[in-house]
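Here is a short report on the model below. Please keep the sequence and the 3D view open while reading.

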Amino acid sequence: MQVGPGNIAQRAVADELTRPKRKDESRRGGFGLDKVALALVMLYMLVPLGATLAFGLATGTSFDFSTFSRIFSDPDFSQTLLTSLELAFGATILAIALVTPTAYWVQLRMPQLRPLLEFLSLVPFAVPAIVLSIGLLQEYSGTSGSLISILSFGLVPFMSNTLNIVSTPPLLVCAYVVIALPFVYRPIDNSMRAINTTVLTEAAYSLGSGWWRAFLTIILPNIWPGVISAALLTFSTVMGEFTIASLFNIYTFPIYLNGVGQNDPHKAASLSVLSFIFTLICVLGIIVLVRNRRGGAQAANQVDIAGVK
Amino acid sequence: MAFLELENISKLFGRNTAVDHVNLAVEHGEFLTLLGPSGCGKTTILRMVAGFEVPSEGYILLDGEDITQRAASKRPMGMVFQSYALFPHMTAEQNIAFGMNIKHVPRETIQKRCAELLELVGLSEKGRSFPHQLSGGQQQRVALARALAVEPKVLLLDEPLSALDAKVRISLRNEIRRIQQQLKMTAIYVTHDQEEALAISDRIAVMAKGKIEQLDQPEEIYSNPRTIFAASFVGSSNQFRGKLASASQGLCQVGNHLLHIPPATNLKDGDAVLVLVRPEEVNIEAAETAGDSDANTTGNHIPGVIELRTFLGPFTRFHIRTEEGVSLTADIPSQQARDNYVAQHVILSFAPEACQVLPLDSEDAKLVKQVEAEAV
């Protein structure tokens with residue numbers, strides 16, 4: 001279950017990053033059907049947001065901005081927001097750090113495994129969050145069987161018994177990495193296929209570069225759009241995730257939002273708008289950071305060009 | 001001992017043998033071309049030399065040192081790829097400097113060397129350009145400069161011109177040859193374009209089915225092919241399948257005709273042979289003017305009708321159908337071909353010395369058919 005309109009904004013921006021750019025877009029003039037369609041889509045997305053804002057500020061006959069001051073003075077607001085941000089950043093970094101080199105390695109050495117990886121990346125879509133969380137709680141609560149112990153090379157018993165990881169934020173981050181897998185693998189894999197990964201790597205090898213240097217200095221700068229898209233989608237997924245956090249008993253922002261919504265709908269609506277603005281700032285911040293990064297914007301343009309060739 | 005040696009090298013992909021016990025020796029400063037149709041193993045050999053593939057069998061020796069198991073990044077090779085493989089996020093200068101940066105070459109030296117290399121490939125003004133701002137030919141020049149920047153002992157070129165248009169291809173191949181000779185660089189060049197191979201190589205290895213069919217200088221390969229495949233693949237030729245009527249007198253029975261060929265000492269009467277005649281060795285004369293004079297001159301005279309006349313600039317190509325329904329080709333200097341026209345009855349003639357005679361077995365025949373099919 002996803003809570004918060006921030007997701008819409010982030011996914012729209014993520015789509016924008018991976019969308020092929022067309023040269024003739026700016027040349028078109030007039031008010032054609034495309035503009036009407038665009039206006040309708042904008043209305044479709046902005047009206048609920050506007051209505052939520054209006055509802056949040058409404059006091060019956062007039063608008064009152066004091067809801068915001070009440071929200072900011074609530075210690076739960078800042079605490080849960082911080083927790084969600086920590087979880088989101090943790091899951092995003094871990095997912096990218098795990099998936100990017102793996103996708104590169106598979107593309108380079110085991111291209112025949114790509115269908116398997118694609119299938120695995122889609123599995124989280126098929127497994128409901130509630131099943132995933134119950135399964136994780138069951139296995140990491142120290143009651144896992146010997147089969148799990150063998151399959152995980154003893155890692156699950158070690159983490160559950162020695163590190164006592166059940167219902168802790170680190171395990172929640174791991175669970176988020178799993179549910180974010182479809183959003184992470186696809187854009188990264190697509191970006192890698194858009195550039196000629198194997199030949200670029202071989203070119204780097206022939207110039208004396210090793211695997212890691214080739215990955216970090218040649219491949220990564222050229223797949224940045226895919227990596228950023230993956231990061232934004234993971235970030236938004238985690239920021240709005242409710243079910244697993246609830247079952248893990250970790251007090252995150254969506255749980256706080258849900259609790260507020262049951263007592264004070266106006267405050268909940270304002271919170272939703274705040275959440276949207278906040279995540280939008282985070283997303284734009286990441287994009288600006290990447291664009292300003294040396295070679296980042298260039299790399300973003302290059303992927304389209306490489307794809308055309 | 002040669003500079004680069006491939007000793008009994010093989011490469012298997014599953015059950016497929018890509019390279020089959022190949023021996024090859026490349027001398028220092030030599031420009032050697034691996035020429036063959038797709039799937040003949042030429043690129044696999046190059047990739048094994050580069051270190052991208054490990055041989056299933058055999059050794060690779062560079063300057064007497066065994067480099068068979070050495071990682072690609074540790075081999076002193078420079079590689080130029082068919083698809084350029086320039087790093088898209090780097091400028092031409094940064095691409096060229098990449099290898100030198102890895103080797104921790106001082107910054108001033110890198111800048112100086114970049115400028116020198118850009119000048120060498122004629123792109124002094126384009127150092128700050130990104131690959132997408134350069135044409136295909138310019139990108140390949142940068143790729144060449146990048147490969148040369150690491151001062152490789154061997155330059156490897158994997159069909160570097162095949163993605164370029166015809167005019168650029170010719171100018172760039174001359175440039176590659178000029179640079180290679182200027183730097184006295186040992187180079188291995190892979191191509192399926194026989195014209196390209198003949199134009200720039202010191203030696204050519206004609207390959208088929210993972211084996212080297214003939215390794216020789218371009219002139220030898222063209223004028224004296226040792227195998228049917230080499231003869232069929234390099235250049236075009238008229239082919240006559242027949243049986244030796246008299247090996248010592250140089251007579252070959254082709255259908256109802258007796259062809260005059262050079263005496264074949266290594267063959268015996270009755271052997272199946274393939275007689276090859278290059279189109280430029282064939283002459284044509286209008287049937288009405290040829291008259292009876294042909295009967296008195298030595299050589300081969302075959303009557304036929306011009307089916308197609310193609311003007312190719314310096315020469316004109318005629319496709320002529322003989323009375324037996326065989327299509328033959330003759331390349332006549334354009335100035336001498338003005339009076340010949342389609343549907344004209346002509347006599348084709350060629351000297352016995354123009355014939356190359358090669359023994360034909362069933363395996364060879366299959367190969368010839370395959371090459372012909374690929375050419376179509």
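How many bridges join strand S14 of chain B to S20(B)? Five bridges do, and the two strands run antiparallel. The model is predicted, so read every value here as computed from predicted coordinates.

**An open sheet in chain B**

Strand S14 of chain B covers residues 272–277. Within its pairing to S20(B), Val275(B) has Val357(B) as its bridge partner. Both strands belong to an open sheet of five strands in chain B. The order is S13-S12-S11-S14-S20, and the pairing is antiparallel. Strands S13 (257–260) and S20 (355–359) of chain B are at the edges. Each has a single partner strand, so one side of each lacks a neighbour in the sheet. From one strand to the next, the twist averages 40°.

**Two hairpins**

Strand S17 of chain B takes part in two hairpins, one with S16(B) and one with S18(B). Strand S16 of chain B spans residues 300–311, and strand S17 of chain B spans residues 315–322. They pair in the antiparallel sense over seven bridges. In this pairing, Gly304(B) is opposite Thr322(B). Strand S18 of chain B, residues 327–333, pairs with S17(B) over seven bridges, also in the antiparallel sense. Here Ile320(B) is opposite Leu328(B).

| Hairpin | Residues between the strands | Turn glycine and its phi |
|---|---|---|
| S16(B) and S17(B) | three residues | Gly313(B), about 85° |
| S17(B) and S18(B) | four residues | Gly325(B), about 85° |

Most residues other than glycine have a negative phi. Glu159(B) has a positive phi near 40°. Glu159(B) sits in the loop between strand S7 (154–158) and helix H5 (166–183) of chain B. Is Glu159(B) buried or exposed? Glu159(B) counts as buried, because 20 C-beta neighbours lie inside 10 Å.

Ala343(B) also has a positive phi, of about 80°. Ala343(B) sits in the loop between S18 and strand S19 (345–350) of chain B. Ala343(B) has 8 C-beta neighbours inside 10 Å, so this residue counts as exposed.

**A buried helix**

Helix H1 of chain B, residues 42–50, is mostly covered. Nine of its nine residues are buried. Among them are Lys42(B), Arg47(B) and Met48(B). Gly51(B) follows H1(B), and its phi is positive, near 100°.

**Where the chains meet**

The contact between the chains takes 20 residues from chain B and 21 residues from chain A. On the chain B side, strand S6 (77–80) and helix H2 (92–102) each supply at least two residues. That side divides into 13 nonpolar residues, six polar and one charged.

Leu200(A) touches residues in both chains. Its contacts include Ile195(A), Ile218(A) and Ile219(A), along with Ala85(B) and Phe87(B). Leu200(A) lies in helix H10 of chain A, residues 197–206. With 22 C-beta neighbours inside 10 Å, Leu200(A) counts as buried. Leu271(A) is 71 residues from Leu200(A) in sequence, and their C-alpha atoms are 47 Å apart.

**The core and the domains**

Chain B is divided into domain 1 (4–228) and domain 2 (236–375). Their centres, taken over C-alpha atoms, are 38 Å apart.

The largest nonpolar core has 168 residues. Which residues have the most contacts inside it? They are Tyr176(A), Ala180(A), Leu156(B), Ile188(B), Val275(B) and Leu348(B). Helix H9 of chain A, residues 169–194, gives the most to this core, with 15 residues. Domain 1 and domain 2 of chain B both give residues to the core, so it lies between them. In soluble globular proteins, nonpolar side chains tend to be buried together.

Val275(B) is bridged to Val357(B) in S20(B). Leu348(B) touches residues including Gly304(B), Ile320(B) and Leu328(B). Val282(B), Ile284(B), Ile302(B) and Ala330(B) are also among the contacts of Leu348(B).

Terms used:
Residues numbered from 1 in each chain as written. Chains lettered and ligands numbered in written order. Predicted model: local features only at pLDDT ≥ 70, side-chain atom pairs only at ≥ 80, totals over all residues. Pairing = 2+ DSSP bridges. Axes fitted to C-alpha atoms, helices over the stretch in contact; angles between N-to-C directions. Buried ≥ 20, exposed ≤ 12 C-beta atoms within 10 Å, placed from the backbone. Contact = placed C-beta atoms within 7 Å. Nonpolar A, V, L, I, M, F, W, Y, C, P; charged D, E, K, R; others polar. Core = buried A, V, L, I, M, F, W, Y, C linked by C-beta atoms within 7 Å. Domains from an automatic or database assignment. Lists of a residue's contacts leave out its neighbours within four places in sequence.
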